[in-house]
Every structure is written in structure tokens, then in C-alpha cells.
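User: I would like to check the labels used for this model. Take me from each value to its cut-off, and then to the conclusion.

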Amino acid sequence: AASSSNQLPSSAAGSVEFASLDSDQANAIAMEAQISHLALDGTTVANLEILANAHSNTAAGSLWAKINHTKSPHGSRLLRAWLLRPMFRKADIDRRPDAVEELV
């Protein structure tokens with residue numbers, strides 16, 4: 001395909017675009033690149049019924065109750081941690097099922 005002489009290569013265009021951001025936006029993008037997990041507050045955990053249902057505040061009917069088929073206390077704690085701190089980066093999310101499959 002013919003390239004227009006007024007187009008920048010994608011890496012240069014990205015650099016120009018990044019340089020045009022104000023310092024707060026640039027700092028936010030840089031900080032986001034370092035985030036590996038989402039932080040869920042108590043209200044979010046309750047509204048999504050991750051550990052307990054909203055009706056009786058027990059595990060029955062919660063996401064936890066549906067997927068917790070772990071065989072050890074360590075596995076149970078690890079699954080709970082994964083539910084309360086979900087991954088943020090797509091690449092990390094895509095790798096997790098592969099890692100679990102290797103263990104099964």
C-alpha cells in the first residue's frame with residue numbers, strides 16, 4: 001500500500017499524541033500502565049453479590065457459591081483473592097485460563 005508523505009509512522013504518531021496531553025493526562029496514562037488489578041470497594045462487592053447475596057447476606061446464590069469448587073483451604077483463599085482483586089490487563093486475563101489448565 002502506498003504511504004502518504006504527511007502521515008507519521010504509528011510509533012511517531014503515538015509519541016506526538018502522548019506529547020500533546022497535559023501533564024495530568026500523561027501521568028494518569030503512565031500510572032494505568034502500572035496497574036495490575038482492579039480495586040473493588042465494599043459497595044461494589046456487595047452489589048455484584050460476589051461473596052454474599054443481597055437478600056440474606058449469605059454465600060448461597062453468590063458468585064462465590066457458584067464457582068468455589070476448590071479442594072484445599074489454600075485454593076479457596078486464592079480464588080477469593082482473585083474474585084476480590086480482578087486482573088486489569090487483558091494479556092494477564094488471557095494467560096490465567098492457560099495457567100489453570102496446566103494445573104488441572
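Analyst: D92 is buried, because its relative accessible area is 15% and buried means under 20%. The model is a predicted one. D92 sits in helix α6.

User: What makes the contact between D92 and R95 a salt bridge?

Analyst: The closest N and O atoms of D92 and R95 are 2.3 Å apart. The cut-off is 4 Å, between a side-chain nitrogen of Lys or Arg and a carboxyl oxygen of Asp or Glu, so the label applies. Both residues lie in helix α6, 3 residues apart, about one turn of the helix.

User: Why do the side chains of D92 and R95 also make a polar contact?

Analyst: Their distance is 2.3 Å. A polar contact asks for N or O atoms within 3.5 Å, one able to donate a hydrogen and the other to accept it, so the pair carries this label as well.

User: How do you know that D92 and R89 form a salt bridge?

Analyst: Their side chains meet at 3.3 Å, N to O. That is within 4 Å, so the salt bridge stands. R89 is partly exposed, with a relative accessible area of 31%, whereas D92 is buried.

User: Which residues are linked in a network of salt bridges?

Analyst: R89, D92 and R95. D92 pairs with R89 and with R95.

User: How many salt bridges does the structure hold, and what makes K90 and D94 one of them?

Analyst: There are 3. For K90 and D94 the N to O distance is 2.7 Å, and the limit is 4 Å, so the pair qualifies. Both lie in helix α6, 4 residues apart, about one turn of the helix. Side chains of opposite charge can pair when their charged atoms come close.

User: Why is K90 called exposed, but D94 partly exposed?

Analyst: K90 has 59% relative accessibility, and exposed means over 50%, so K90 is exposed. D94 has 40%, which falls between 20% and 50%, so D94 is partly exposed.

User: Where is E49, and why is E49 called partly exposed?

Analyst: E49 is in the loop between α3 (42–47) and α4 (63–67). Its relative accessibility is 28%, which lies between 20% and 50%, so the label is partly exposed.

User: How do you know that E49 touches A54?

Analyst: The E49 side chain reaches the backbone nitrogen of A54 at 2.9 Å. Contact means heavy atoms within 4.5 Å, so E49 and A54 are in contact. E49 also touches S62 and L63. E49 and S62 are 13 residues apart in sequence and 5.3 Å apart in space, C-alpha to C-alpha.

Key. Residues numbered from 1 in each chain as written. Predicted model: local features only at pLDDT ≥ 70, side-chain atom pairs only at ≥ 80, totals over all residues. Heavy atoms only, no water. Helix = DSSP H or I, 4+ residues; strand = E, 2+ residues; numbered from the N terminus. Buried < 20%, exposed > 50% of the residue type's maximum accessible area, 1.4 Å probe, protein only. Lists of a residue's contacts leave out its neighbours within four places in sequence.
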